[in-house]
Amino acid sequence: LPEDGDKRPTVLLIHGGAWKYGEKDQMKPMAERLARSGWVAATVNYRLLPSGRFPRNFQDVACALAFLQQNADEYGIDPERIAVS
């Protein structure tokens, strides 16, 4: 989270790995950089292949986005300005 502000833009960071490998901690440096620039940054883990085959992996990410929208006030998020990367 940025140090101050309210109703901030947010980015949900999804790690790479072709849905086969990786974890949300890979995105920590990017999240910290975004927070220093005034963004709320969130990272997400999702089910990996083979158990995370489509649409399960996509559903995990969609749930993370819904969580951010539903808890926007708690985290100082503008729910109308959430990007996914």
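This is a predicted model: local features need pLDDT of at least 70, side-chain atom pairs count only at pLDDT 80 or more; totals for chains, interfaces and linings use all residues.

User: What makes Lys20 count as buried or exposed?

Analyst: Its relative accessibility decides that. Exposed means over 50%, and Lys20 has 53%, so Lys20 counts as exposed. Leaving aside neighbours within four places in sequence, Lys20 still has contacts, with Leu48 and Leu49.

User: And why does Asp60 count as buried?

Analyst: The cut-off for buried is under 20%. Asp60 comes in at 17% relative accessibility, and therefore counts as buried. This residue is found in helix H2. Beyond its neighbours within four places in sequence, Asp60 is in contact with Val44, Asn45, Tyr46 and Arg47.

User: Which residues is Tyr46 in contact with, leaving aside its neighbours within four places in sequence?

Analyst: Asp60 is one of them, together with Asn57 and Val61.

User: What makes a group of residues here a nonpolar core, and which residues form the largest one?

Analyst: The members must be buried residues of the nonpolar kinds, joined through side-chain atoms within 4.5 Å. The largest set that passes has 11 residues: Leu12, Val40, Ala42, Val44, Tyr46, Val61, Ala64, Leu68, Ala72, Ile77 and Ile82. At least two residues of this core come from each of strand E2 (40-44), helix H2 (56-70) and strand E3 (77-84). Apart from it there is another core, of five residues, including Val11, Met27, Ala31 and Leu34. As background, nonpolar side chains in soluble globular proteins tend to be buried together.

User: How do you know whether the radius of gyration of the chain agrees with a compact globule?

Analyst: We set it against the value for the chain length. A compact globule with 85 residues would have a radius of gyration near 12 Å, and the chain has 13 Å, which agrees. Along its principal axes, the C-alpha trace spans about 40 × 25 × 15 Å.

User: What order do the elements follow, and how much of the chain is buried?

Analyst: Starting at the N terminus, the order is β-α-β-α-α-β, with three helices and three strands in the chain. Buried residues account for 34% of the 85 residues.

Terms used: Residues are numbered from 1 along each chain as its sequence is written. Side-chain values use heavy atoms; hydrogens and water are left out. Buried means under 20% relative accessible area, exposed over 50%, partly exposed in between (1.4 Å probe, protein chains only). Helices (H or I, at least four residues) and strands (E, at least two) are DSSP runs, numbered from the N terminus. Contact means heavy atoms within 4.5 Å. The radius of gyration is taken over C-alpha atoms; the globule rule is 2.2 Å times the number of residues to the power 0.38.
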